[in-house]
Amino acid sequence: MSNIFNDIFDDNFMVRTSTTAPAINVVEKDRSYELELAAPGMTKEDFNVTLDNEGDLVIKMEKKAENKEEGEKGHYLRREWNYTKFQQTMLLPDDADREKISAKVEHGVLSVSIPKIAKVKAEDTNRLIEIQ
């Protein structure tokens, strides 16, 4: 019996899904950095976006799902649970305005907007210092 079980549920017969990290795109614009993380099927409740003690951006994603069919008679020969967990820490540039970072999830994409700190133009800082 064990040989039949192994033959039917052998990895060569049933393809296993592989887990990979989600794709992350970062675009620099004039006034911000825009980050996009592809996560199909995820909702805003599945994400946690924080700044750590060093001021780095930490993106955590976690989703638990159980493939379960109710009401069937018999015993399980195979039962799968799906668990997805991901964490990425991103070092922010010096000109990132950490106080104004925002995030949203739409159509399976987490979008994080990181505004830049407004720079004072060099010509605006030139002034004559009077000597007394």
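Of the contacts between residues at least 6 apart in sequence in the protein chain, 49% join residues at least 24 apart; contact means heavy atoms within 4.5 Å. The model is predicted: local features need pLDDT of at least 70, side-chain atom pairs count only at pLDDT 80 or more, and totals for chains, interfaces and linings use all residues. Residues are numbered from 1 along each chain as its sequence is written, and side-chain values use heavy atoms, with hydrogens and water left out.

The average pLDDT of the protein chain is 80, where pLDDT is the predictor's confidence in each residue, from 0 to 100. A score of at least 70 is reached by 70% of the residues. Residues 4–18 stay under 50. For that stretch the model has ten contacts beyond four places in sequence.

Two helices and seven strands make up the secondary structure of the protein chain. Helices (H or I, at least four residues) and strands (E, at least two) are DSSP runs, numbered from the N terminus. Along the sequence the pattern reads α-β-β-β-β-β-β-β-α. The protein chain has 132 residues, and 20% of them are buried. Buried means under 20% relative accessible area, exposed over 50%, and partly exposed in between (1.4 Å probe, protein chains only).

The largest nonpolar core holds 16 residues. Such a core is a set of buried Ala, Val, Leu, Ile, Met, Phe, Trp, Tyr and Cys residues joined through side-chain atoms within 4.5 Å. Leu-37, Phe-47, Leu-57, Ile-59 and Ile-114 have the most contacts inside the core. Two or more residues each come from β2 (32–38), β4 (57–66), β5 (81–90) and β7. Beyond four places in sequence, Phe-47 contacts Leu-37, Ala-39, Met-42, Ile-59, Lys-60, Met-61, Val-105 and Leu-110. The structure has zero aromatic pairs. The criterion covers rings of Phe, Tyr and Trp (its six-membered ring) with centres within 6.5 Å; planes under 30 degrees apart count as stacked, over 60 as edge-to-face and the rest as tilted.

Lys-116 occupies the loop between β7 (109–115) and α2 (122–125). Lys-116 counts as buried because its relative accessible area is 17%. Its side chain makes a polar contact of 2.6 Å with the side chain of Glu-28. A polar contact is a pair of N or O atoms within 3.5 Å; within protein, one must be able to donate a hydrogen and the other to accept it, and residues adjacent in sequence count only if both atoms are side-chain atoms. The charged end of Lys-116 also sits over the ring of Tyr-33, at 4.9 Å from the ring centre. This label applies if NZ of Lys or CZ of Arg is within 6 Å of the ring centre and within 35 degrees of the ring normal. With neighbours within four places set aside, the contacts of Lys-116 are Glu-28, Lys-29, Asp-30, Arg-31, Ser-32, Tyr-33, Asp-95 and Asp-97.

Several of these partners were examined in turn. Asp-30 lies in the loop between β1 (24–28) and β2. It is exposed, at 76% relative accessible area. Asp-30 and Pro-115 are 85 residues apart in sequence, yet 9.4 Å apart in space, C-alpha to C-alpha. Arg-31 belongs to the loop between β1 and β2, and is exposed at 73%. Arg-31 and Lys-116 are separated by 85 residues in sequence and by 5.3 Å in space, C-alpha to C-alpha. Beyond four places in sequence, Arg-31 contacts Pro-115 and Lys-116. Ser-32 is in strand β2. It is buried, with a relative accessibility of 10%.

Pro-93 lies in the loop between β5 and β6 and is partly exposed at 29%. Residues up to four places away aside, Pro-93 touches Tyr-33 and Arg-98. Pro-93 and Ile-114 are 21 residues apart in sequence and 10.0 Å apart in space, C-alpha to C-alpha. His-107 sits in the loop between β6 (102–106) and β7. Its phi is near 55°, a positive value in a residue other than glycine. His-107 is exposed, with a relative accessible area of 78%.
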